[in-house]
Amino acid sequence: MKKVFLLGTVLFSSMLSMAQVEFKNGPELENDRHNQFNRMLGGDENSFYCYRVRSRGRGTSYFIEKYNRTSLKLEFSRELDIKLKELDKIEDVQYAGGKIYIFIRSYDKIAYKMSLYFQSMSPAGIVITNKEELVSVSSGNNEFVGFGILQNPGKTKFLISVVQKKSMKENYKTDFILLGANNMQRIWEKRMDTKVRADSNSYHGVWGGWVSGHFDDAFIGLHLDDDDNIYYAVSEYNDSISERDKPYRTIISILEAKSEHPNTTELSFGVYDMINNVRFSITPKKELLLGGFISDRYRRRGDTLANVGMFSITMDISNGEILSRVVKRFDNDLLTALESDGIESRKFKYKLDHVFLLGNDVFYVGEQYAEKVVSVKNTIHMAAKDTIITTTTYFYEYRNVIVAKLDSGSKFEWIKRIPLRINRTLNNYPHVFKQYIAVPTGNAIYILNNEHEGNLEIYKKPDFKVKDMRSISEMPGSNFVYTSVSLDSGSTAHGLIFHNKEYYFDPVHERNPNFVPPAYTEIFVMDRPNELFVYTKNKDLDRFTKLILK
């Protein structure tokens with residue numbers, strides 16, 4: 001088939017004039033159709049990398065591919081020499097310092113030991129086949145150890161969080177291990193008496209949770225800055241009688257590079273306010289900035305709308321002192337648009353995905369979604385006996401993207417809602433997939449996502465209602481669209497990028513629970529400012545598409 005570059009331009013001006021997105025389709029890629037695309041990994045100024053998994057027949061194979069940024073053609077593909085045992089798993093694959101790092105967890109059932117190893121690949125495609133051990137801990141069960149792998153913004157360090165306990169009776173502890181990305185040498189190690197993970201919404205590592213009757217730590221945020229300081233947030237819940245007056249609380253910890261013990265600060269909100277996650281950033285003044293959503297979980301008599309809002313806090317890194325604090329409760333119009341009325345409103349959760357520091361202003365971008373779990377037990381007669389098999393299905397409704405501006409005076413200037421309307425179903429494992437792309441430019445934040453092809457006409461109505469929006473569960477046949485949000489006024493424009501017909505964009509690249517990426521994994525790679533690459537596919541064919549944001 002002839003391989004060509006296609007150029008498309010879309011223009012939509014009903015709400016914001018001259019909002020524009022261009023796209024260029026790369027050539028079809030000559031890949032084995034069984035080599036499943038897993039994720040994009042980033043790269044240097046000339047190339048970017050991708051990770052694929054082949055799981056068919058006997059055994060599983062893993063591949064790293066390198067693509068040219070100009071031609072979007074494959075430069076090389078390398079199969080990784082990885083042989084996994086029964087309880088082994090590839091924990092993560094990341095790009096840093098010009099290399100690809102593959103992190104592998106391995107449990108020794110005889111020695112009762114869990115280890116984390118890594119292999120690497122050079123920019124020239126040379127794969128280092130020897131596994132190098134990063135950490136090893138003793139545990140009576142492989143489910144009692146979880147790993148999180150996080151990079152600093154400058155991509156020069158790795159932070160490994162090791163959540164562990166030896167037995168069911170023990171409490172969890174967390175080891176932080178800081179590594180240099182250029183040589184993977186250990187810089188320091190510190191232990192915390194709490195459970196901290198690098199991922200709060202995915203099928204990876206040890207799950208945090210709220211256990212009835214006592215406080216159990218539930219991690220809701222972790223960040224490593226470029227000065228080797230660590231910041232983490234832990235949410236706690238207690239439904240015992242003695243603590244019923246304040247069932248939820250959130251603790252922010254600052255662990256400076258020079259210290260062995262963190263400074264902790266409890267965030268004070270309403271008695272029944274719950275925080276699902278926290279995002280951190282460092283301001284130009286070297287202050288800690290953190291934000292998130294809050295929701296009042298107590299339903300009072302006469303309530304018609306859920307009490308939901310956002311917060312933004314700045315703190316002194318050296319002592320944990322709160323320097324500024326602002327809380328914005330959503331008004332009735334926004335809550336109604338978010339379908340926050342009635343009993344059903346309690347099902348919605350809110351997570352903050354991005355903190356953008358643009359000039360003197362701060363922009364928060366997050367997602368509203370709902371999770372429903374259905375378990376069905378079936379009795380199967382096998383080998384002269386009855387066996388009960390439980391099948392659990394997770395239903396996700398991704399409803400809205402929320403964009404908020406905090407001005408230089410630390411006040412929420414505006415909050416905007418962008419409908420998503422995407423439904424997902426997962427069998428036997430929970431995982432929150434981000435269903436959109438958020439990219440800031442010099443004058444707007446662009447939200448890119450799929451939507452029902454009939455929604456473009458609904459948007460044209462000046463008084464359209466949220467209930468008129470139609471949802472999708474399959475990406476083929478939908479539209480890939482943009483919404484630009486003005487950095488100044490918050491005004492929006494909505495338009496078509498391309499139809500998901502022959503080729504389509506799907507924000508979920510991998511559904512196999514054995515290979516699904518961590519929830520924080522991005523689904524695109526930036527090129528130059530305002531330009532990015534996304535992956536598109538058509539049954540057994542695939543290619544990359546370059547998007548140019550104006």
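**Confidence, fold and selected residues**

Where pLDDT is low, the predicted coordinates should not be read in detail. For the protein chain as a whole the mean pLDDT is 85, and 88% of its residues reach 70 or more.

The model is a predicted one, in which local features need a pLDDT of at least 70 and side-chain atom pairs count only at pLDDT 80 or more, whereas totals for chains, interfaces and linings use all residues. Residues are numbered from 1 along each chain as its sequence is written, and side-chain values use heavy atoms, with hydrogens and water left out.

The protein chain contains 2 helices and 35 strands, both taken as DSSP runs numbered from the N terminus (helices H or I, at least four residues; strands E, at least two). Of its 550 residues, 55% are buried, where buried means under 20% relative accessible area, exposed means over 50%, and partly exposed lies in between (1.4 Å probe, protein chains only). The chain exposes about 24700 Å², of which carbon and sulfur atoms supply 47%; accessible areas come from the Shrake-Rupley method with a 1.4 Å probe, and for residues only the protein chains shown count as cover. Among contacts between residues at least 6 apart in sequence, 54% join residues at least 24 apart.

Strand β30 (residues 479-486) is joined to β31 by 7 bridges, the two running antiparallel, and T483 has H494 in β31 as its bridge partner.

The loop between β31 and β32 (504-505) holds N500. N500 is buried, with a relative accessible area of 0%, and its side chain makes a polar contact with the side chain of N450 at 3.0 Å. A polar contact is a pair of N or O atoms within 3.5 Å; within protein, one must be able to donate a hydrogen and the other to accept it, and residues adjacent in sequence count only if both atoms are side-chain atoms. Leaving aside neighbours within four places in sequence, the contacts of N500 include M475, P476, N479 and F505.

E371 lies in strand β25 (residues 361-382) and counts as partly exposed at 28% relative accessibility. Its side chain is joined to that of Y396 by a polar contact of 2.5 Å, and beyond four places in sequence E371 is also in contact with residues including K347, K349 and P430.

By contrast with N500, which is buried, H261 is exposed, with a relative accessible area of 63%. H261 sits in the loop between β17 (248-255) and β18 (263-267).

Conventions:
pLDDT is the predictor's confidence in each residue, from 0 to 100. Two strands pair if DSSP finds at least two bridges between them. Contact means heavy atoms within 4.5 Å.
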